[in-house]
Amino acid sequence: MKRTWPWLLALVLLSGVAFAMGSYQNDVYRKLLLWITLALGYNFLFGIAGQVAFSHFSFYGLGAYSVVIGITYLGWPLPLAILVSAAFCMAVALLVAIPATRLEGFYLALATLAFAQLFIVLLNEGGQVTGGTGGLANYRLPDMAGFRITGPAYTVVIVVLMLSTLAILLRLDRSHFGRACRAARDNPEAAAAMGVDVRRTRILAYTLTSTLAGLAGMVYAFVDNTVNPTIFGLENVFLLLFMIIIGGIGRAAGAVVGAVLLYLLPFVLSPLIGHHHALVFGLVMVLVVLFQPKGLMGVWDALLARRSPVARNHVDKGAKVQAHG
Amino acid sequence: MAEPTPLLQVRGLTRRFGGLLAVSDLDLAVYPGEILGLIGPNGAGKSTTFAMIAGAIAPSAGEIFFKGQSLTGQPTHAFAARGIVRTFQHNKPFDSMGIEENVMVGMHTQIKHGLWQVVLGTAQARASERAARDKARHWIDFVGLSEYAQAPVGTLSFGQGRLLEIARGLAAQPELMLFDEPAAGLTSAECGRLAEIIRGIAAQGIAVLLIEHDMPFLMALAQRVVVLNFGEKIAQGSPVEVQSDPAVVAAYLGQVKVGHA
């Protein structure tokens, strides 16, 4: 029980906020929560498993499109549409992962970029099924057992999604699977010598995080009640990349901080400098890469180490070990 | 008395690299709890033999039997699961993890619970994670790194990094441990400590196969030595026998000053 109460508290607080907000703020808040969810998954894939993949946003789109196609074109009830969409995302992720995880670094990046482009082409050319360039609209979340989940109540659904994603990824990170992912990234040869099936680990990490992105996409489909190819374009996957790098790569807290900052920054900057906020992003990105590769979490660690004597001791001890050797 | 059954039995092991025959028709046996040294001049095929037994490269011909089962055609990661682990000549730690986590990676094949149990946080998953951490501490203690258990890997010296390699390998509960030039790059004090640790490992019934350039170190440690030259076995026996073997002296030892003879 000691483990569950912080999660319950977070659920109550993050959900409660939604009920104090107007509909515009709720819309911004929902999208912020979705960005955090995506950044958390991408952080696991890129930051922990070390896979330079650019397909994360495509799976977000795949989830969104498939659930909408399920309830409209195919006329399925929502639970069936959700189950089939999740299975579909997982199957596509596996299909991409099995050949793509043979590739490393640059080549994996190229293969997943190609997949992301192909996805957009398919959306545009999908005719009646995908709605072509205009996408799909004129649908809404079906009633569940006579209830219609709207307004802040739907925001609660997104809070649950975000917290579950966080809980799942944290548990995976702290398990033998998380260690295998890091080992396969740090030194694949040594990982294999220790009995880690490097390819299987990579395929699993890719499939799991992509499926989580697909689930987030399903939830997103009923935020704007429209899905179209431009939403799932390549620009957004790079924003996702910026989020985890600026926040602090490989750390869940970094992904949260990065997502909050980069999602909210345009709201602050737009009144001041209009659409030039992309310029500010670029500049911040360059500064982070140059001066603090561990991102804002690295800055935070450095501050903590300066403040707390315990942390300072730890740093000193590290230095001593080095001197010792 | 019947001949004891070997733990590892290599028959007709051959490896070609293009036109080069690196290892040719090699037979080798390793018995439980023994320390076997594999030596030979540069280019004799030691490293290639080592890599094949470790599962890092596939033989061109021949078979490797471990506990009576053929390992031919198995992927690298399957070797650790069967009970063969190795250390690397150039330490290969997992840089982003602490020392304890590094050792816990060695336990990968022994963790039996599935990912769904991790995600649900079942009691079994948590208990086995705790047990893995306790075992990691035990092996860190065994090699004498307990002072640094929580330190990042980057803070270790080269010699301490070698000890970490050993702890990580032991965590896999091997029956055969392969050492790739373990003394390379160590100070003489560190070599002494290393020899002690390797004897301690063999004393637990774990077979040890090492390739080594440091002759005094190897001759003092190994109970049996196999000598390779041009990919073929030219001699085997106790360190004393091997050092007086004319073929060995001609091929190799004549060029090196041998201590502890």
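**Figure 1. In which sense do strands E9 and E10 of chain B pair, and over how many bridges?** They pair in the antiparallel sense, over 5 bridges. (Two strands count as paired if DSSP finds at least two bridges between them; strands are DSSP runs of E with at least two residues, helices are runs of H or I with at least four, and numbering starts at the N terminus.) What you're looking at is a predicted model, where local features need pLDDT of at least 70, side-chain atom pairs count only at pLDDT 80 or more, and totals for chains, interfaces and linings use all residues. Residues are numbered from 1 along each chain as its sequence is written, while chains are lettered from A and ligands numbered from 1, in the order in which they are written. Strand E9 of chain B covers residues 224–229, and B:Val226 faces B:Gln236 across the pair, in E10(B). Together E9(B) and E10(B) make a hairpin with 2 residues between them. Look in the turn for B:Phe230, which has a positive phi of about 50°.

**Figure 2. Here's the open sheet of chain B, made of 6 strands.** Read across it and you get the order E6-E7-E8-E3-E9-E10, with mixed pairing. Strands E6 (84–86) and E10 (232–237) of chain B sit at the edges with a single partner strand each, so one side of each has no neighbour in the sheet. From one strand to the next, the twist averages 20°. (Axes are lines fitted to C-alpha atoms, for helices over the stretch in contact, and angles between N-to-C directions run from 0 to 180 degrees.)

**Figure 3. Two helices of chain B meet the sheet.** Helix H1 (residues 46–53) of chain B lies across E3 (35–39), E7 (176–180), E8 (207–211) and E9 of chain B, and runs at about 145° to E8(B). Helix H7 (residues 188–203) of chain B packs on the sheet too, where it touches E3, E7 and E8 of chain B. The direction of H7(B) also makes about 145° with that of E8(B). (Contact means that C-beta atoms, placed from the backbone, lie within 7 Å.)

**Figure 4. Next up is where chain A touches chain B.** The contact takes 24 residues from chain A and 35 residues from chain B. On the chain A side, the elements giving two or more residues are helices H7 (151–173), H8 (176–186), H9 (188–193) and H15 (309–324) of chain A. H8(A) gives the most, with 7 residues.

Figure 5. Helix H3 (residues 56–71) of chain A reaches 24 Å from its first C-alpha to its last. (Buried takes 20 or more other C-beta atoms within 10 Å, exposed 12 or fewer, partly exposed anything in between.) Leaving out residues up to four places away in sequence, A:Thr133 touches A:Asn124 and A:Pro229.

**Figure 6. Finally, how confident is the predictor in chain A and chain B?** Mean pLDDT (confidence in each residue, from 0 to 100) is 91 for chain B and 90 for chain A. Over residues 311–325 of chain A, though, it is below 50.

Methods: The expected span of a helix is 1.5 Å times one less than its number of residues.
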